[in-house]
Amino acid sequence: MAIPKNNNASGFLFILMDFPGLEDAHCWTALPVCSIYILSVLGNVTILYIVKTAPSLHTPMYLFLSMLSVADLGLSASALPSMVSVFFLAQRNIGPIACFAQLFFIHTFSVIESAILLAMAFDRCVAIREPWRYATVLTMRRVGAIGLAVVTRSAVLRLPLPVLLGRLHFQPGTALSHSYCVHPDVLRLSRSSTLVNSGLGLFVMLSTLGTDAVLILLSYVLILKTVLSIASAAERLKAFNTCISHVCAVLLFYTPLVSLSMIHRFGKKKLPAQVYMLLSYLHFLVPPMLNPIVYSVKTKEIRVRILKMLHPKKF
């Protein structure tokens, strides 16, 4: 990523933030971060392995689940290097190129995950509202095209943000708010005008995460309308059960995100720094860890195959 020579970015180091109050107790912060990351990797790799090795799971629903696992792995891996540097090595400096690259991948994988959640909502909507057309609407070719479109949209819309950051001047000696780089946090340190950067960042957020959230909500309004029109209570419950895992994944992703946005806009100065930082970690670390657990518990096909792996003699 080229950085123009008319700024101070080439000789500037950003300072990453340690967890407030625990700067001298890295083992207490490193241990949970490491444990969460290991659980996230194990869970998502297990999901990918099960879907890959079970031909009966080569359906749109489970292919989208595999994409979600890849996005979760990417999101965790994007934030991990600087966290390792801070919590394990006590190194808080990060260069601008590394910082801009990290924020690009963090935001890109966040948008990818949001788009995949939307694709999964569409999958459930078609399966419940028009089950007789499900196989013809969501063919393997269309699922692949959706995956390619998701990645392309995310990368293309997020790429200008780090490029534009490279044109700014930054305040030396000022720390970031997290142990990783995100666009609004880096933008806060700029001594130059950030009007273009802020406007583009807001547009990208509304056209991706905002639009995805609205469409997911609309999908579930249509699903709810269809399910409530089913006469049999047992069939209604069965239809709802197919959506529970996805609803949990949506809540895990969007609840910390919305909370962070509200606090950042209205209440950041009124809350302790620990609360704000904890919510940011929840957003980037917890969904990749809990999504595989939720789908393993609530999806029979995944649960049975995991039990077969753990207790092969009983199955």
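Mentor: On a 1 Å grid over the protein atoms alone, a cavity is a set of points where a 1.4 Å probe fits but cannot get out, and a lining residue has an atom within 4 Å of a point. Grid points are joined across faces, edges and corners, and a volume is the space filled by probe spheres set on the points. The model is predicted, so local features require pLDDT of at least 70 and side-chain atom pairs pLDDT 80 or more, whereas totals for chains, interfaces and linings use all residues. Residues are numbered from 1 along each chain as its sequence is written, and side-chain values use heavy atoms, without hydrogens and water.

Trainee: How many cavities of 30 Å³ or more does this rule give, and what lines the largest cavity?

Mentor: The count is two. The largest cavity holds about 70 Å³ of space, and its lining consists of M61, M120, D123, R124, T242, S245, H246 and Y295. Helices α3 and α9 (233-267) are the elements that each give two or more residues to that lining; helices here are DSSP runs (H or I, at least four residues).

Trainee: Which residues line the second largest cavity, and which helix gives the largest share?

Mentor: The second largest cavity, of about 30 Å³, is lined by N44, I47, L65, L68, S69, D72, N291, P292 and Y295. By class, the lining of the second largest cavity divides into five nonpolar, three polar and one charged.

Trainee: Why is the pair D212 and R153 called a salt bridge?

Mentor: The term requires a side-chain nitrogen of Lys or Arg within 4 Å of a carboxyl oxygen of Asp or Glu. D212 and R153 are 2.9 Å apart, N to O, so the pair meets the definition. D212 lies in helix α8 (residues 195-228) and R153 in helix α5 (residues 140-158), so the pair ties together parts that are 59 residues apart in sequence.

Trainee: How do you know whether D212 and R153 are buried or partly exposed?

Mentor: Buried means under 20% relative accessible area, exposed over 50%, and partly exposed in between (1.4 Å probe, protein chains only). D212, at 1%, is therefore buried, while R153, at 24%, is partly exposed.

Trainee: Why is E113 not counted in a salt bridge?

Mentor: E113, in helix α3 (residues 96-129), is buried, but its nearest side chain of opposite charge, R153, is 12 Å away. Beyond its neighbours within four places in sequence, E113 is in contact (heavy atoms within 4.5 Å) with L68, A71, D72, L75, F253, P287 and N291.

Key: Lys, Arg positive; Asp, Glu negative; His and termini not counted. 1 Å grid on protein atoms, 1.4 Å probe; cavity = no way out; pocket = protein on both sides within 12 Å on 5 of 7 lines; lining within 4 Å. Nonpolar A, V, L, I, M, F, W, Y, C, P; charged D, E, K, R; others polar.
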